[in-house]
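Work through the exercises below with the sequence and the structure at hand. Each task is followed by a stepwise solution.

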Amino acid sequence: MSRGYKDITGDGGSNIVTQVGEQVARLKQRMEQVRHKIAILSGKGGVGKSVITANLACLLADRGYRVGALDVDFSGPSLAKMLGVHGQHLKIGSDGVLPASGIFGLKVMSLDLLLPREESPVTWKGPAESTSVWQGTTEATVLRELLSDTDWGKLDFLLLDLPSGTERLPTVAQFLPNLSGAIIVTIPSEISYFVVRKSVTLVKEIGMTIVGLVENMAGYHCQSCGTVGELFGTSYRGEETARLLEVPFLGQIPFDSRLAECTDSGKPFILEHRDSVVTSALRGITDNIETFLEESK
Ligand SMILES: Nc1ncnc2c1ncn2[C@@H]1O[C@H](COP(=O)(O)OP(=O)(O)O)[C@@H](O)[C@H]1O
Ligand SMILES: [Mg+2]
């Protein structure tokens, strides 16, 4: 019989098997304190996953929930900036790393908060880690550390902002087997449908629950005349996409340049523009998420 990883008696003194085992146990213990873990994903880049994560986090916190937001986009972390905590220095508390603290007491964790300089990219040390096989392993380790070494405390929601592509999905499913579900973001275009459909297939294959589909950039909201016009075209709209993919439809958010401005400056759009079409759309989506979670109890 061949020897397994755990049968190796000496590991050069690093005691890595015990360390990883302890970390996995800590992750489980921490995540037991979080009622709902929700991943926001698409497969497609630039469709608004991060901006939607940031705004849903604000809305949920505004409703009195204890909310954490974790940036799982390691190569293009943007959540800390969007939530106005970019530049905060992380501190070590008695029970782990204290996440950055944002508006409404939001707890935010992102690799961006660990980078030494404004312009620093995220790099993995050594040439071995930067090859694709090792990079996947390294990124899984980083995710495990961010979940287990952060002192999240008791939370009602932990929102995970996923990167584009589908590579990170199996890792998230592995570390968070009791994820409440995934929110999938699309925009009304054939190319988005083409990519998002693949993500939905994978999400279903790995047995992740789907909370529903959000259509972003669903038309252009003109602030001067107040009307919403088409942005990309009339085909591949969210509701129809949700029907074709057999997933619930959570709602549609129009394009509003003020949302991009707030996102860039880290101001909460839902407070700056309480009466806008976008805020009411986000409120409707949050209502649907709450209903979904209530019904799936
Ligand atoms: N509905 C919207 N109206 C205006 N700008 C938007 C909207 N949704 C996203 N954006 C902008 O589009 C860009 C990409 O959004 P982002 O959330 O970073 O996408 P992703 O995380 O999917 O890559 C950002 O600059 C964001 O502010
Ligand atoms: Mg993003």
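**Exercise 1.** Determine which residues of α8 are exposed and which are buried.

Step 1. Apply the cut-offs: buried is under 20% relative accessible area, exposed is over 50%, and partly exposed lies in between (1.4 Å probe, protein chains only). Helices (H or I, at least four residues) and strands (E, at least two) are DSSP runs, numbered from the N terminus.

Step 2. E239 and R243 are exposed. G238, T241, A242 and L245 are buried.

Step 3. Looking down the axis of α8, the buried residues fall within an arc of 100°, so they line one face of the helix. The arc is that of the directions from the helix axis to the C-beta atoms. E239 and R243 are on the other side.

Step 4. The buried residues pack against α7 (190-205), β9 (210-221) and β11. Contact means heavy atoms within 4.5 Å.

Step 5. E246 follows α8, and its phi is positive, near 55°.

The model is predicted: local features need pLDDT of at least 70, side-chain atom pairs count only at pLDDT 80 or more, and totals for chains, interfaces and linings use all residues. Residues are numbered from 1 along each chain as its sequence is written, and side-chain values use heavy atoms, with hydrogens and water left out.

**Exercise 2.** Describe the largest nonpolar core and the contacts of I253.

Step 1. A nonpolar core is a set of buried Ala, Val, Leu, Ile, Met, Phe, Trp, Tyr and Cys residues joined through side-chain atoms within 4.5 Å.

Step 2. The largest has 44 residues; I38, L56, L83, L106, I183, I253 and I289 touch the most other members. Helix α2 (residues 49-62) gives the most to this core, with nine residues.

Step 3. Leave aside neighbours within four places in sequence. The contacts of I253 include I52, V214, M217, V278, L282 and I285.

**Exercise 3.** Locate L231 and state how accessible the residue is.

Step 1. L231 sits in the loop between β10 (228-229) and α8 (238-245).

Step 2. Its relative accessibility is 34%, so L231 counts as partly exposed.

Conventions: Chains are lettered from A and ligands numbered from 1 in the order in which they are written.
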